[in-house]
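Trainee: Could you go through this one with me? I'd like to ask as we go along.

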Amino acid sequence: MQKWSLYSRGDKFFAVVVSILIGMFTVATLYPFIYIAAVSFSSGFAAQAGKVVLTPIDATVEAYGYILRDPQFWISYRNTFIYTIGGTIMSLAFIIPGAYALSRPQLKGRRFFNLFIAFTMWFNAGLIPFFLNMRDLNLLDSMFGIILAFAVNAFNIILLRNFFEAIPQSFEEAARMDGANDFQVLWKVFIPLSKPAIATITLFCIVSRWNGFFWAMVLLQSEDKIPLQVFLRHTIANLSDDDEFAIVQTAAGFSAETVTAAIIVCSIIPVLIVYPFIQKYFEKGILLGGVKE
Amino acid sequence: MSDRNSDFGGLPVDELVAKADAALGQRKTRVRDSHWVRTWDHFRREWQIYVMLLPTIIWFIVFLYKPMYGLQIAFKDYSIFRGVANSPWVGFEHFQTLFSNDQFIRAVRNTVTISFYNLLFGFPAPIILALMFNEIINATYKRTAQTIVYLPHFISSVIIAGIVITAFSPTAGIINTIISWLGFDPVYFLTQPEWFRPIFVGTGIWQEAGFGSIVFLAAIAGVNPSLYESAVVDGANRWQMMWKITIPSILPTILIMLIIRIGNIMEVSFELVILLYQPSTYETADVVNTWVYRQGLQSGQYDLAAAAGLFNAVVAFVLVMTANTLSRRFSRTSLW
Amino acid sequence: MSGVELDGIVKAYGALQVVHGIDLNVAEKEFVVLVGPSGCGKSTTLRMVAGLEEITEGDLTIDGRRMNRVAPKDRDVAMVFQNYALYPHLNVADNMAFGLRIRKMPKAEIATTIADVAEILGLTPYLDRRPADLSGGQRQRVAMGRAIVRHPKVFLFDEPLSNLDAKLRTQMRAEIKRLHNRLGVTSIYVTHDQVEAMTLADRIVVMNDGRIEQVGTPMELFNHPANTFVAGFLGSPPMNQIKGVLTETGAKIGNTEIKLQGAINGHAGRDVIVGIRPEHVTLGQTAETSSLPIELDLVEPLGSEALLHARYGNDNMVFKADTNGDIAHLSGVEEVHVPAHLVKLFDAETGRALALGA
């Protein structure tokens, strides 16, 4: 990168224009979040009238009060934690040993197994067969089903497998000569050596679980099992039509819009808290997995 | 067992050669451990890695391959009571139904159209972003901007859709607020078919363009700095360098990402579609997978929906294979 | 008897055979070096002894037990790898303790063993450090330490000095030799560097193309190479080898007849290769030397010696001569003198060494 002082006039102009454009895009990215936060803190009337632009109008926390008093909100929040933590642990339990096994040259049928797994990235049976399969397995409306049925995907296995393959063979050989069996080699040598890759995969799993919506919506019936995203979805879709709510809201200071906005803010907060810490991991992760599968 | 080579000193000429040859002839014929012994040895020593692999393989069979067995209902008249095995075959009847069904045809058309717009606008966006980030000199500014634009990727589609719905709401939304400031009538955006695609593609860009630029930024970072330095000495400006050095250098990456994109044409992010569409916008919004969702999971027409899903999967498969072969021929890199 | 016996060891990958039958007896406490060019099968052979490669055919016996089907960890051998394979997330002490912990040795015993070995290797001040914080030589010692603490029956070394710079290599070579003198453990050492082979080995095994070319002590191999390959492999600069013919009185190369020590015994007319080591020629003539006229091409001063690059007919030859502090007198050299008793003869067709009758 050249020094600014050595830039020609034309280049300086170019750089300034680009900076402004990036600035505009950044603001445009950020604005919707600021907007929704403002709505969440505004009064119901102001929001419904479309008065909220950047700051809360007639500021109130009534919408939050409504949400935080709803037991279903807390149940869903808890469920999301269960699915995220349980799901991620289960994923790692399958993926780490599986990827290790696939990375070992002495595995017989290695090419077959790799193809077996990669194939699922290019062809899957579709929504209906998957659903019917879950029904056959008696995993409808089951929290365990949600955790188990989405535990593994080929992309993560291949990513970790490639990483393991890049570790020099001599580490395994030295450990073997020292007397370690395969489990010990994996646990004591390869996993410590693969911290970045495992961190990346853990991150992918956590994000995917936390945001998971569609199959949770399709497979779960009981209200006490749905995760936060499904709860949010129900709220957005149904609140405006809910007569009971219509009565309550006119009396209190919130509206469908502010309540929705409040749930959204509550769902985003954990992500925002964790976000700064994970930045270095996902940048590395893209490089690890990215294009070379 | 003598070390046969060590006795060469001091012998007359020909005897040397004769002695060595004689030693060779003395070797006994060896026996190889049989094939079965070796295989048994292998499993006796290596059983652990098979144990490590087994749960994963079983998982794939139970959750991803077993549904493929159930996929045959696309060719059967399926009833829950009779089950898959006992339902009668109807051949390609469902496919005939599909292709004479206006709504399905419309769904296929929408899928392709939306993907096309996504490709037209959504594919260049991360690339342009990456190129722009590359021109920013102040490292802190660059870092901060990057952190912010990566964020929407980590937010769930439900939240993204929720924000969009609120923002475009006829009475409460900011968009309509601005429109009324400008003197126009408010528009109920999300019920109008002609607005669906722009909103959908725009939302997609907001959510994914930032994060998507990482791959291209990595590719740009891999370009040899000496190329830029020699261009500077030759008198090129940044704009020229971008076109003549940066873009050509990351062309292989762009090509590969394009191929991945094309391979996913049938995979319009249907979660987002479901969250943003309404019956009144089905005309432009309904895609194959949402049609399948309504027909199958909501109306219970499993066999027809399965057939549609199969059609989708097969088309996608063919696209990916073709794209992969093309990529191999052009850039000597592939997705395998 | 912790000897290692290789009896007809063959290694094949499917139809491709890379090691063609190795017979070798390594005696207890012996330091044997397998040396040869890349791809000659020395590392493969070593790995077969370690148990990292399957033995296709033949028998491997360690200390009287047949080891073909025994897992590496049960063979009681320890290996030092070319790239050391030190676990980067463990410090020096933990690296050395790794194998001992797996074998469930009591903690106190592990601690004393490591302390002792660290003492021998001079690693005591570094026990807490990670490999990344160590120099190349120190890492090498940790790798050896990890092998030593196991008190195995056999040490296996796979080109352990290849990753070190020349000066460090010389230093570590001497340390390995000293260690062996002190510990007295049977060792098999693989290298492509003939200097390492010469300086470290009790016996050298020269390998080429999956076969043993010759086995013997360093001086045996140097003074009595069994064939042109061994002759050209050991010694630097390599032995000059010129095609010639045996005559009634000696060996004729080009127009010059080289006197030989010993009787020709009626083999005149036989095609031979004449071997002359660069350091064996003299600039002064004596009764036992033959004069070889040469065209001097280049003089390379090495300090107390110089290399003379010359042409004889169509052949390029190299000779070594003392400089006695001044190379000016060397540039006029027009002939060198070859002592009869130092000339080597090889069969022109097979390359095998020939010896003359008494």
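Trainee: Among contacts in chain B between residues at least 6 apart in sequence, what share joins residues at least 24 apart?

Mentor: Keep in mind that this is a predicted model, where local features need pLDDT of at least 70, side-chain atom pairs count only at pLDDT 80 or more, and totals for chains, interfaces and linings use all residues. Residues are numbered from 1 along each chain as its sequence is written, chains are lettered from A and ligands numbered from 1 in the order in which they are written, and side-chain values use heavy atoms, with hydrogens and water left out. A contact here is heavy atoms within 4.5 Å. For chain B, the share of those contacts that joins residues at least 24 apart is 62%.

Trainee: How many helices does chain B have?

Mentor: Helices (H or I, at least four residues) and strands (E, at least two) are DSSP runs, numbered from the N terminus. Chain B has zero strands, and its helices number 16.

Trainee: Which helix gives the largest share of the side of chain B that touches chain A?

Mentor: The contact draws on 93 residues of chain B and 97 residues of chain A. Across that interface there is one salt bridge (a side-chain nitrogen of Lys or Arg within 4 Å of a carboxyl oxygen of Asp or Glu). On the chain B side, 23 residues, the largest share, come from helix H2 (residues 35-70).

Trainee: Which residues form the salt bridge between chain A and chain B?

Mentor: Look at helix H9 (residues 169-177) of chain A, where eight of the nine residues are buried. The link between the chains has its closest N and O atoms 3.2 Å apart, and its partners are A:Arg176 and B:Glu46.

Trainee: Is B:Glu135 buried or exposed?

Mentor: B:Glu135 sits in helix H6 (residues 124-135) of chain B. Beyond neighbours within four places in sequence, B:Glu135 contacts A:Phe14, A:Ala15, A:Val18, B:Arg238 and B:Met242. One of these, A:Ala15, is in helix H1 (residues 9-40) of chain A and counts as buried at 5% relative accessibility. With a relative accessible area of 3%, B:Glu135 is buried.

Trainee: Why are A:Arg161 and A:Glu165 separated by about one helical turn?

Mentor: Their side chains meet in a salt bridge at 3.6 Å, N to O. A:Arg161 is buried at 11% relative accessible area, while A:Glu165 is partly exposed at 35%. An α-helix has 3.6 residues a turn, so residues three or four places apart point the same way. The two are separated by about one turn because, within helix H8 (residues 154-166) of chain A, they are four residues apart.

Trainee: Where is A:Asp178, the partner of C:Arg146?

Mentor: The side chains of C:Arg146 and A:Asp178 meet in a salt bridge at 3.9 Å, N to O. C:Arg146 lies in helix H4 (residues 136-148) of chain C, so the pair joins two chains. Both residues are buried. As for A:Asp178, its place is the loop between H9 and helix H10 (182-193) of chain A.

Note on methods
Buried means under 20% relative accessible area, exposed over 50%, partly exposed in between (1.4 Å probe, protein chains only).
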